[in-house]
Amino acid sequence: MSLLGFEYFAVVAREENISRAAEKLFVSQQSLSAHIKRLEEQYGVRLFERKPALRLTPAGKAMLFYVEQILNNERQMTARFADLVKEHHGELRMGLSRQRSEAFFPHIWERYHEKYPQIEVLLKEQNSDQLLEQLRNHQLDLCIAVNAVPARDLYIEPLVEEALCCSLSRSLLTRCRPDTGSRDFDRYVEKGADLLDLQDLPFFHRPPENQLRQAVDRFYAAHALYPQCILETNNQKLMLELSSYAVGIITPLYLYSCYDTQSLSLGMPPVVRLANNILSTRVSIVTCRDVPLPDYALAMKDMIRQEFQRYQRTLSQIFPFSLVTAQ
């Protein structure tokens, strides 16, 4: 039986659904069922119960145990041979969110491709939960994840912890608080702004399904407050441009992207640090403990570390307050 048959069986076993497995593997259900049938015929066992729902038989569970060892050994062998090849021909499967891909990957790619031009990098852009699932299923070699939960099968290397800030202009404060607005602005720039101190101001909010919006809503609800929202948008650029009208919650990742594209490099944007820790954002490199990485994958980890150090340095140069802390 070929390794392909084992790989197909492992995906069906994890999904417990022929249709979903076929979709993940980009093959037809008929072809996938044929591979499973050949496995059953070759080893003389029944691997799945079909009714009332697809699930592994005792023989299937034993098969999955051995198949995962075989596939893992094959991956280790491939990684070892790739390191022995002078020009490092190979494939690197890396995952991160689309937003972080846009912010960080161009600089990583420039350095990486110069050193490893023969390596094909396959970039998966999904949320952290999806990336960690694919990592555990050995569909990724490494990923950059947010708030990864410690687990025995994962090696989690913290990179940075991000703090939130808010768009807040002096003109907004002086208009809404004629007597104290200017002094309040200077105090917020120096010490940060507490959301409780801002509840009398109009807000730009993200849509209700957004994780950050939900964190803000929970915070204010816990204090029996309901701030005025004058605009719902995911567009942080718009929040900054309209900062004289309302308060908007801004992520440091967005500010870094803007600075890197020269959008903010000509002047200090109207933002202050948010004193409340309403949403923890810990960014880490995550790999599987049981899978050794080839040299070219370890080099990618080094370049990811360098880029996040650049991230921290850049923001510390723009602002008099810390938005990104090394872990």
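So, burial first: of the 327 residues in this protein chain, 46% count as buried, where buried means under 20% relative accessible area, exposed over 50% and partly exposed in between, with a 1.4 Å probe and protein chains only. Keep in mind that this is a predicted model, where local features need pLDDT of at least 70 and side-chain atom pairs count only at pLDDT 80 or more, while totals for chains, interfaces and linings use all residues. Residues are numbered from 1 along each chain as its sequence is written, and side-chain values use heavy atoms, with hydrogens and water left out.

Okay, the overall layout. We have 13 helices and 13 strands; these are DSSP runs numbered from the N terminus, H or I of at least four residues for helices and E of at least two for strands. The radius of gyration is 25 Å, well over the 20 Å from the globule rule for 327 residues, so the chain is more spread out than a compact globule. That radius is taken over C-alpha atoms, and the rule is 2.2 Å times the number of residues to the power 0.38. Along the principal axes, the C-alpha atoms fill a box of roughly 85 × 50 × 30 Å.

Now, what's inside? The largest nonpolar core has 44 residues, and among those with the most contacts inside it are Tyr112, Met300 and Phe308. By nonpolar core I mean buried Ala, Val, Leu, Ile, Met, Phe, Trp, Tyr and Cys residues joined through side-chain atoms within 4.5 Å. Helix H13, residues 295-318, gives this core its largest share, ten residues. Take Met300: leaving aside neighbours within four places in sequence, Met300 is in contact (heavy atoms within 4.5 Å) with Leu92, Met94, Ile108, Tyr112, Val121 and Leu142. There's also a second, separate core of 23 residues, including Leu172 and Phe203.

Which helix holds Glu40? Helix H3, residues 29-43. Glu40 is buried, at 13% relative accessible area, and beyond four places in sequence its contacts include Arg46 and Arg50.

The other one is Thr281, in strand E12, residues 281-288. Thr281 also counts as buried, at 13% relative accessibility.
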